[in-house]
Amino acid sequence: MAPSDLDRPGCDDVAALRVEGLEKSFGNYPVLRGVTLTAHRHEVIGILGSSGSGKSTLLRCLNLLELPNRGRMWVLGERLKLREAVNGRGGAILDRRQIQRVRASLGMVFQSFNLWPHRTILENVAEGPTHVLRQSRREAIGVAEQYLAQVGLADRRHHYPHQLSGGQQQRAGIARALAMEPAVLLFDEPTSALDPELTGEVLKVIRSLAEEGRTMLLVTHELAFAREVSTRAAFMHDGKIEEEGPSRQLFLEPASERLRRFLQSHY
Amino acid sequence: MNGFAIQFLHGLCMTVLVAAISGVLGTAVGLAGAASKLSAYRIPMWLAEVYTTVIRGVPELLVILLIYFGGTAAITFAIGRYVEISALSAGVIALTVIFGAYSTEIFRGAILSIPRGQWEAASSIGLKSWQIWLLVILPQMVRVALPAFCNLWISLLKDTALISVVGLTDIMRVAFVGAGSMRAPLTFYLAASALYLLLTSVSLLAFRRLEQHIAVPGQLR
């Protein structure tokens, strides 16, 4: 049976997110060389790998901030309509509305927060519910306040991003993603831009989301944390997934020599 | 001199009118120009490039004369009999074209100053392109562009004086005629200078207030 049949909505096990044979190159330089990955509901997948292994690019391809050259993608069983790259022409989005709808269900948390500096954090978080989910102003503010409270920023909601610490900004970034009620949360090195003493508060929030059973993909250099929160882990090397499996197994009994060396040097 | 007070008042109104219309239309042209220059499509990009290169490369006075005489020639050709383009429309068109070319570059620079992540964050929550422009890019762009835009507005106010060469009765024209007929050039030119200075000072004050009004609270610039 073809994967497209397996993942059709209505089947018992519709993956939250699935990619097959994902390829991406920048110019002539291949960054992803055929990545296949499935995130089932309630899974937390830690994506590991050294710099340049393609893990951030993979995450950015998943919500199409980068257009893949080749490969198939499904979100909640829905196949994304993409054109493959041919003869120097890059890949393209064939159905912009579909992509906008799908993006709204994939929450992204960025390394550099990317909060909108001209808006209070309450407005930052309420923007999506207001303009994408078309909630009333009051409803959207309610949702925003609820999620800001969840990440511990209720008392800072009327502050502007530049008035907050990095850790607080990142927590606001997480609240902004949560307010869209996404099916999958994508974390792109969420603590890499933070001072060590601020990473703890962000990791605590991510851990609580994992405990809620949210589906998450987590690209991180915090290996101890990845091991602790993720149910599965994938180790990327040179644009491919070198090894993948239950988190515990990957960390305790790495099969490949490369992963073994990676764990020894980083962990 | 007393008889000229009312003339100067008319001239002042004309100057403000021409500047205001060209300022508004030129801003629209500038936004379109900046969007074209930054677009992924080649043809609008090239057209915008040619437009700003030509207009910024030719003296303002020549642009006004070319549009006045060129416009008259074009309308005459189209209708088949001699029709002169009005000084007001020629002036407004010329100043719009000039203002548009310079503001294209101001807006382009301001848009480029906004980090890529701002766009990415907006599209990652599913905002449409026009929503991203309206909610995320324009408000941030305005804050960056405002000081340079104020500069451009001031020079537009003063450039209106050039339109008097095609016969529009603005402040400059009134001063020129008055200086000749009353044989008191210094008095009239000083009066005209005072009026321009008044307009530019009020503008500067207004822009200062606007800048304070839209500043993000507590942010150091």
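Predicted model: local features only at pLDDT ≥ 70, side-chain atom pairs only at ≥ 80, totals over all residues.
Is the crossing of H7(B) and H8(B) left-handed or right-handed?

**Entry 1**

I traced an open sheet of six strands in chain A, running in the order S8-S9-S10-S3-S11-S12 with mixed pairing. I then looked for its edges: strand S8 (106–109) and strand S12 (240–246) of chain A each pair on one side only. Neighbouring strands of this sheet are turned by 15 degrees against each other on average, direction ignored.

Next I picked one pair to follow. Strand S9 (residues 184–188) and strand S10 (residues 216–219) of chain A run in the parallel sense, with four bridges between them. At one of these I found Phe187(A), whose bridge partner in S10(A) is Leu218(A). I also saw helix H6 (residues 166–178) of chain A packing on the sheet, where the helix touches S8 and S9 of chain A. The direction of H6 makes about 170 degrees with that of S8(A).

**Entry 2: two helices in chain B**

I turned to helix H7 (residues 171–182) and helix H8 (residues 185–214) of chain B, whose axes come within 8 Å and cross at roughly 165 degrees. An angle over 145 degrees counts as roughly antiparallel, so H7(B) is roughly antiparallel to H8(B). Here is my opening question settled: the crossing of H7(B) and H8(B) is right-handed.

Which residues meet there? From H7(B) I noted Ile171(B), Met172(B) and Gly178(B), among others, and from H8(B) the list includes Pro185(B), Phe188(B) and Leu195(B). Sorting the residues of this contact gave me 12 nonpolar, one polar and no charged.

Technical notes:
Residues numbered from 1 in each chain as written. Chains lettered and ligands numbered in written order. Pairing = 2+ DSSP bridges. Axes fitted to C-alpha atoms, helices over the stretch in contact; angles between N-to-C directions. Contact = placed C-beta atoms within 7 Å. Parallel < 35°, antiparallel > 145°, perpendicular 65-115°, else oblique. Left-handed = near helix turned anticlockwise from the far one by under 90°. Nonpolar A, V, L, I, M, F, W, Y, C, P; charged D, E, K, R; others polar.
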